[in-house]
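Please open the structure in your viewer and follow the selections below in order.

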Amino acid sequence: MNYNFDEIIDRKNTYSLKYDCNKEYGMPEDVLPLWVADMDFKAPIRVIEALKEISEFGIYGYTRINDQYFSTLERWYSKYFGRRVRKEWLIITPGVVFAIALAIKGLTNEGDSVIIQKPVYYPFSTMIIKNNRKLVNNPLILKDNKYVIDYDDFENKIIQNNVKLFLFCNPHNPGGRVWTKEEIIRLADICVKHNVKIVSDEIHSDFIFPGYEHTVLSDLKPEYEALTITCTAPTKTFNLAGLQISNIWIPNERIRKIIENEKSKTGYHEPSITGLVACKAAYDSGEEWLSQLRSYLKGNLDFVREFIKINLPEIELIEPEGTYLVWLDFRKLGLADEEVDTLIVSKAKLWLDSGKMFGEEGKGFQRINIACPRTVLEDALNRIKTAMNSSVFKKEIDKLSE
């Protein structure tokens, strides 16, 4: 069947974080929200039907994963990533950030160092700081419109700070990099050399643009498998975030027992029946939906690229290799970070993710979610164009250049 990703769906008053929480986040009521990473598309029809079936069954008791659930995951990862997974490696959590917190608490002690690569998904920093660990940053370098890794700095920071854990983001959020096999090997070899455990957040791995390929870190070498926790989920792929289901893979038995023990301390044991049912239905029957969605998102990206080239030459698109999150560079405007935020929120009436949320390296940037109907995306970009072309804004820019 053909899916209609152009359909406009009113999500207001649906308990939506994206659409119903303006006041809590200090945003005007009339902003267009393209910030948080959920999509404005309905899930695949079979997912909707499966949820209806379990709802109508009428009994919503405690759950356990079964062989059928694992077989579905096994088939998916084998088909799309060439992965060999085992049932005993699997731990279910309500989300990837939850799993990251478990890893930080279980694999490090208070005061220990955890390394990340900013600008990066901001809960990485939050989880490190909230759990009283030392945040160590190996900043990514933006070179020729593409983020690259400073490997010497990475290793030196590990040695100098006695780093215990590395939080890796692939595909990278917000920079859009899909790290190559060679890049991953250089990073992971350093981690092996210094006995640094790795949490590899691969939640966006189903969104890779043509010409690129996702590499699963833990599959490259046995020594990587022995020190890596791989975080995956159907939630980004099929727009199921509210169903709270993530599949975390830990081949090393000792590490797995540590994480299971940390999980038990939280009081979380059985996953939601709706999450399990939706995940299985999505992986079993959502392939055509996902194929059409990927094509639609590529069209959206092409639209953004062309619109910016013609209408917003002062803004630079950091070309994404994966994810549906696009990183926009506003630094050529010469504005302070707060002024960029004012331009976006107060003048353009948009709610994007301000780059400063991702660290100092994100200042002057904005992250926009392009997983929406194209007419909505066009509206958003036209709002930026109108705001930048306003006489008031032009006067402010002229003052800066004087």
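Is F5 buried or exposed? F5 is buried, with a relative accessible area of 5%, where buried means under 20% relative accessible area, exposed over 50% and partly exposed in between, using a 1.4 Å probe and protein chains only. The model is predicted, so local features need pLDDT of at least 70 and side-chain atom pairs count only at pLDDT 80 or more, while totals for chains, interfaces and linings use all residues. Residues are numbered from 1 along each chain as its sequence is written, and side-chain values use heavy atoms, with hydrogens and water left out.

F5 and W289 form an edge-to-face aromatic pair, 5.9 Å centre to centre with 65 degrees between the planes; rings of Phe, Tyr and Trp (its six-membered ring) pair if their centres lie within 6.5 Å, and planes under 30 degrees apart count as stacked, over 60 as edge-to-face and the rest as tilted. Because F5 lies in the segment before α1 (17-20) and W289 in helix α12 (residues 287-311), the pair ties together parts that are 284 residues apart in sequence; helices (H or I, at least four residues) are DSSP runs, numbered from the N terminus, as are strands (E, at least two).

Then select W76 and Y80, which both lie in helix α3 (residues 67-81), 4 residues apart. Their ring centres are 4.5 Å apart and their planes at 45 degrees, so the pair is tilted. W76 is buried, with a relative accessible area of 0%, whereas Y80 is partly exposed at 29%.
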